[in-house]
Amino acid sequence: MAAANPAKTLQDEMTCPLCLEYFNDPVFLDCDHSYCRACITQCWGGLTADVSCPQCRQTFPQGNLRPNRQLRSIVDAARALRLLAGREPAAERLCEKHQEPLKLFCREDEIPICVMCDRSKGHRAHTVIPAEEAAEEFQGRLQAHLKTLRVKRQKLLGLKVSREKTSQEYLKWTQAERQKIVAEFQQLRQFLEEQERLLLAQLQKLDEMIAKAGTDTVTKLSEQISHLSERIRELEGTCQKPASEFLQDVRSTLSRCEKGQAQQPEEMAPELEKRVHGFSRKVIALSETLREFKANVTLDPDTAHPQLVLSGDGKRVRLGNTRQPRPDTPERFDSEPCVLGREGFTSGRHYWEVEVGDGQYWALGVARQSVSRKGRISLRPKEGIWAVGWWWDQFRALTDPATPLPLSPPRRIRVCLDCDWGLVTFIDAAAKAPIFTFPPGSLPGQSIRPWIWVGWGTNTELRLSS
């Protein structure tokens, strides 16, 4: 199908996608897209390796710029035709009323007029000057606007290159950080393998945020550059018109120039930079504190429900047949068959394992120090409990509402607590496979203790691994 506007299509083919002007020393890349040599060199910031095409984003191992001689010949011919067309005399415009040449200009009405109009009653009291003199005056004003627009466009081009370079630097930084994380986690065993996956997932989110921020910024800059280029071409075309035609719409042209001011683009989000630096500090801290985080957890008899039976070493718990004579202290659970670990954690990373065997009606995880001990409590995060459990033949995470887990409960579960990031992860200790994770920020910034619940009417015994 033929193009709707062949002239515009030809114009677009001879225009550099970066500066939106006629190509100057055009070169083409391995993907066959063409640019001005200076424009693409500036866009790449002097890089010769790992460069990409601004249009299709295809990456090249090195900046191989090949001269596009055929395109240069076409552009040179177009420039010559444009100059030739500018030298051809234009037909002189006549006054519609008197059919006389429009050789004068009325300052009050800001329109070109003829000699007969000047003598008429409508213009007799007005200030009238020669059209050529008026054209020179307005040419000066429009040229000033053109200069301002060109300066703004140049600044936007520089900003576009700067923002693209910043985005690429951030992405390279995330790649380097990813390599550091992988190297550090090679020194750790089961618990740190899960931490590696969590950190890499968060780093991927940073990748997406950085790429989106860079893309959004460049898109906005490109739109403003395109708008300014269109305005510049419009004004350049207006300035080349004969005086009588040029002055016909000069008032509205100036008005559009004065109103259409480009807005300064927003800086890349400060929150993004804060997250990048915050993540970097966490990686550095991880490198300085690499060690085994296994905690020697024992159960606290002062918190155990009176019907729970604890072993002497505090490593096993089961439900007894009767309530034991224990003092009803504020620390003790009096309604739910729960018990807390002696140890409270406020910082760092820790893990412990609980053997559940073939038991039924149990739950395990962590609870905040201030968890309610009296009366009926909801085994949910809003009550300060983060756990997984098994009852009614269903394995679930105790979220609100509960989240069914698509697997059977393992015989031994590892509880991984990260106080610094406020998250807890449950892992199948035998298969080394993640079960469920309460996301970062779920846990409060206070002491967190191991927690176990044993369901009523069962002989289930849970054991803490040594």
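Of the contacts (heavy atoms within 4.5 Å) in this protein between residues at least 6 apart in sequence, 64% join residues at least 24 apart. What you're looking at is a predicted model, where local features need pLDDT of at least 70, side-chain atom pairs count only at pLDDT 80 or more, and totals for chains, interfaces and linings use all residues. Residues are numbered from 1 along each chain as its sequence is written, and side-chain values use heavy atoms, with hydrogens and water left out.

**The overall picture**
- The protein has nine helices and 21 strands; these are DSSP runs numbered from the N terminus, helices being H or I with at least four residues and strands E with at least two.
- Of its 466 residues, 44% are buried, meaning under 20% relative accessible area with a 1.4 Å probe, counting protein chains only.

- Leaving out residues up to four places away in sequence, Leu364 touches a whole list of partners, among them Val354, Trp386, Ile413, Phe426 and Ile452.

**Strand β17 and its partners**
- Six of the seven residues of β17 (residues 412-418) are buried, so the strand is largely enclosed by the rest of the structure.
- On one side of the pairing story, β12 (residues 349-355) runs antiparallel to β17 and is joined to it by seven bridges; strands pair if DSSP finds at least two bridges between them.
- In that pairing, Glu355 stands opposite Arg412.
- Strand β18 (residues 423-428) is also antiparallel to β17, with six bridges, and here Arg414 sits opposite Ile427.
- Four residues lie between the strands in the β17 and β18 hairpin, where Gly422 takes a positive phi near 65°.

**Two residues to look up**
- Val454 belongs to strand β20 (residues 448-454) and is buried, at 0% relative accessible area.
- Its C-alpha atom is 10.0 Å from that of His305, 149 residues apart along the chain.
- Asp207 is in helix α6 (residues 190-239) and is buried too, at 13%.
- Beyond neighbours within four places in sequence, Asp207 contacts Leu171, Thr174 and Arg178.

Notes:
Buried means under 20% relative accessible area, exposed over 50%, partly exposed in between (1.4 Å probe, protein chains only).
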